[in-house]
Amino acid sequence: MTSCLGWRRAAVVLLSAILAAGSGGCGGSTEPAEPEPSDVTGEVSLGSDGVQAITLVTGDDYRFVPAEFTVAPGQVRVTLDNTATQLTHSLEFPTGDSPDDIGESIPVVAPTEVDTIEFSVSTPGEYAFICSFHEPQGHTGVMTVAA
Ligand SMILES: [Cu+2]
């Protein structure tokens, strides 16, 4: 008698587990989409010459995509691709508050133009960069030099 009841309970538990698993799978498609990884952290790749390279895209808004990326100490090549039809941008590492003085900048990149700078970093830390035209609108980013 008791063993029969036990089996029935087990069956109920098993059925509940199946239903829970099924509803969990359906719920997955309704979860909010996560931000594209490229919106958060950039893809730094090695160029054919072994230099770390990354392209930041900017457009008719006040964003660098990605706005944050990480490199190792050494040579770095940063390309700014301005896909905008209206806005002119720049990419500058302000001096004074960075561990290394990078000393390279792209002072002007007109709509649809692309420009590249190359520099070396040696001191791990965070290096803020800005678009000098739109810093007040939050057109900024951070390059991290890993230890
Ligand atoms: Cu800008």
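Select the copper ion and its four donor atoms: with angles of 99 to 124° among those donors, the site is tetrahedral (for four donors, that label asks for all angles between 85 and 135 degrees). This is a predicted model, in which local features need pLDDT of at least 70 and side-chain atom pairs count only at pLDDT 80 or more, while totals for chains, interfaces and linings use all residues. Residues are numbered from 1 along each chain as its sequence is written, and side-chain values use heavy atoms, with hydrogens and water left out.

Copper is held by ND1 of H89, SG of C131, ND1 of H134 and ND1 of H139, at 2.1 to 2.3 Å. Donors here are N, O and S atoms within 2.8 Å of the metal (3.2 Å for Na, K and Ca), and since water is not among the atoms, sites may look incomplete. Along the chain, the donor residues follow the spacing H-x41-C-x2-H-x4-H. H89 sits in strand β5 (residues 89-92) and H134 in the loop between β8 (125-130) and β9 (140-145), so this pair ties together parts that are 45 residues apart in sequence. Strands are DSSP E runs of at least two residues, numbered from the N terminus.

Are H89 and H134 buried or exposed? H89 counts as buried at 0% relative accessibility, and H134 is buried too, at 8%. The cut-offs are under 20% relative accessible area for buried, over 50% for exposed, and partly exposed in between (1.4 Å probe, protein chains only).

Next, switch to cartoon and pick out the open sheet: four strands in the order β1-β2-β4-β7, with mixed pairing. β1 (45-46) and β7 (114-121) are at the edges with a single partner strand each, so one side of each has no neighbour in the sheet. Zoom in on β1 and β2 (residues 52-58), which pair in the antiparallel sense over two bridges; two strands pair if DSSP finds at least two bridges between them. L46 has Q52 in β2 as its bridge partner.

Stay with the sheet and select R77. Its salt bridge with D49 has the closest N and O atoms 2.5 Å apart. R77 lies in β4 (residues 74-82) and D49 in the loop between β1 and β2, so the pair ties together parts that are 28 residues apart in sequence. The criterion is a side-chain nitrogen of Lys or Arg within 4 Å of a carboxyl oxygen of Asp or Glu.

Shared partners join D49, R77 and E118 into one network. D49 counts as partly exposed at 49% relative accessibility, as does E118 at 32%.

The whole structure has three salt bridges, and D61 with R63 is one of them, at 3.6 Å between the closest N and O atoms.

Last stop: the largest nonpolar core, 21 residues, where those with the most contacts are L56, V78, L91, F93, F119 and M143. Such a core is a set of buried Ala, Val, Leu, Ile, Met, Phe, Trp, Tyr and Cys residues joined through side-chain atoms within 4.5 Å. Finish on V78: leaving out residues up to four places away in sequence, V78 touches I54, L56, F69, L91, I106, D115, T116, I117 and F119 (contact means heavy atoms within 4.5 Å).

Note on methods:
Four donors count as tetrahedral if all angles lie between 85 and 135 degrees; four count as square planar and six as octahedral if opposite donors are over 155 degrees apart and all others between 65 and 115; anything else is irregular.
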